[in-house]
Amino acid sequence: MKSILLVGIGNTGRGDDGLGWAFADRLLEDERFEVVRRYQLQVEDAELISRYKQVWFVDASHKAVRNGFSSERLRGQGQFSFTTHSLHPEAVLQLCHQLYGQRPQTQLLGISGEDFELGHGLSEAARERLEKAHAHFMEEVGSD
Amino acid sequence: MSKKIIIDPVTRVEGHGRVTIHLDDAGKVEKTYFHIVEFRGFERFIQGHPYWEVPVLVQRLCGICPVSHHLAASKAIDQLAGIDPEALPGPANALRRLLHYAQIFQSHALHFFYLASPDLLYGVDAPELKRNVMAVAMDNKELARKGILMRKFGQELIQAIAGKKIHGLTCLPGGVHKALTLEEITYFLDGKSIPDVDTMIAWSLEILDFIKEYHAKHQSFMDHFASLPSGHLGMVSEKGDLELYHGVMRAIDAEGRVTLKDVSTDSYQDYFSEHVERWSYMKFPYLKHLGLEKGWNRVGPLARINICDRIPTPLAERERHLFFALSGVSVNNHTMYTHWARLIELLHCAELIKDLLHNPEILGTNLVREGTPRKEGIGILEAPRGTLIHHYEVDDNGMITRCNLIVSTTHNNEAMNRTVNRVAGEVISEQGTITEGMLNQVEVAIRAYDPCLSCATQALGKMPLQVELYGPGNELLKTVSSS
């Protein structure tokens, strides 16, 4: 059983919204990680993440940040809204704790996108940020 | 002074809709509209594509019920390839049915546990923060864990057959791509990795016990809230049994008189017409011979349980008898009973899945049949939300020249509009103050239909629903929105 789960979130049909899946694709062959892709998170993902020690959610972000990506430790606390089309990773973590008594170490990696219009493929800027975020991720998991 | 209320977006439904409520000078509800305000137009842009692409393209209509669109389109495309539904090879037919039942099972589990349960557990006037699956999960952990695993069971079965949980690929013209292996089937039977199919049946029965207990305590509410007489439309087998994949079409009126007598799906155009209103992108289908005012029907679980003579699996059939005995009617027009009917279908699908997983035909390798190409194909099945119609015509090169889709939620358009009007009239009319709780009751009524608005209009983009309140001068007085 692998101990690290990576969840790539997004839609490859909406330009840079495919960043989460592109990130996941890069790790598919790496035997250290369990990799899944999601259009959006669902309640049942709480059961999935409960089986791992460490979880990384990777998603495209509309926010522009200094390094082109942000990495945030999630605690799974607070109030969260729910629709079947929008469930925040924090809410999934909170559900995981409530239903399964587990709180895996969870990180949200947001990579800034530029172009979210219809169409396949990442923008030049998104590809560069993907590289930086990937390097950061490898450094972080390598140091564990 | 008259007023106008807007609920925008309506929440815990699939798709984006808006409710507008107009009040007169006395604060009485004058008129209401359930608007579907976005448009995608698959019927149009599918034209010019080769017919064999259609089952893959049209499942992009929706992320919740792509399997239903894939299968309905495939039934139509089979005919374009010269194969009638009855002529499909046995293993291919069994695999498609297994996929279909898995889809209905996971969709009904999703709706009950994630979308509807807050309305039943906390009441229609519960505080907003309570009205979501997060609260259900916090307060009812065992229920939530079972809901998650039931949906997972259905989704993993879809993945085993179609390759992916969402937007997978099963069908090709005249059959299916691949068989299931014994190992894949065992996964759902041995209970080692996930709860087995017998557990799914047991949990379906448990949740039916829950709804029966709820009914015992709240029968008056279920009998009156959002209740309205309507026609009921769905599919039955030639013997009159509940049939979800392929059969004949039957409709009855609110008293049970047959209005459409077991007609072939191929002839649907002879019986149905569609009306358009300027304020909604969703059409209004109706039976031609009864006209627009009397010919509309509800579809989905409540309609199906009303029109069938029996359910061909033993446990679900027993529950059907209890449903009518306990509700005390022979035709049920009470909208809130749709939740109960949906759970009977959940059980029925679990029983059907078990039967198919034990059926040796599911391991067969005779998966495709070829025929003589035709110019027209019609695929109709019962999707989770009701009767789903896909109709295509092609040119000599096999390119789509015409596409007509009548999606389940579209059939329910008139029923949902009348339900909104009824509930608004009862809870909002002549009230001095309009509260968020009152407006939520309008949403509760809509949610009972489990509408999939993105399917019905092919709405692109964001999904939620809203309610608007307007005064007599058409001034916007209040909007309730949540996402």
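User: Which residue forms a salt bridge with B:R96, and how far apart are the closest N and O atoms?

Analyst: Side chains of opposite charge can pair when their charged atoms come close. A salt bridge here is a side-chain nitrogen of Lys or Arg within 4 Å of a carboxyl oxygen of Asp or Glu, and in this predicted model B:R96 pairs in this way with B:D78, with 2.7 Å between the closest N and O atoms. The pair links distant parts of the chain, since B:R96 is in helix α4 (residues 90-122) of chain B and B:D78 is in helix α3 (residues 66-80), 18 residues apart; helices (H or I, at least four residues) and strands (E, at least two) are DSSP runs numbered from the N terminus. Local features need pLDDT of at least 70, and side-chain atom pairs count only at pLDDT 80 or more.

User: Are B:R96 and B:D78 buried or exposed?

Analyst: Both B:R96 and B:D78 are buried, where buried means under 20% relative accessible area, exposed over 50% and partly exposed in between (1.4 Å probe, protein chains only).

User: Which residue forms a salt bridge with B:D450, and why does the pair tie together parts that are apart in sequence?

Analyst: The partner of B:D450 is B:R385, at 3.3 Å between the closest N and O atoms. Because B:D450 lies in the loop between α16 (436-448) and α17 (453-457) and B:R385 in the loop between β12 (376-383) and β13 (386-394) of chain B, the pair ties together parts 65 residues apart in sequence. B:D450 is buried at 2% relative accessible area, and B:R385 is buried at 4%.

Conventions
Residues are numbered from 1 along each chain as its sequence is written. Chains are lettered from A and ligands numbered from 1 in the order in which they are written. Side-chain values use heavy atoms; hydrogens and water are left out.
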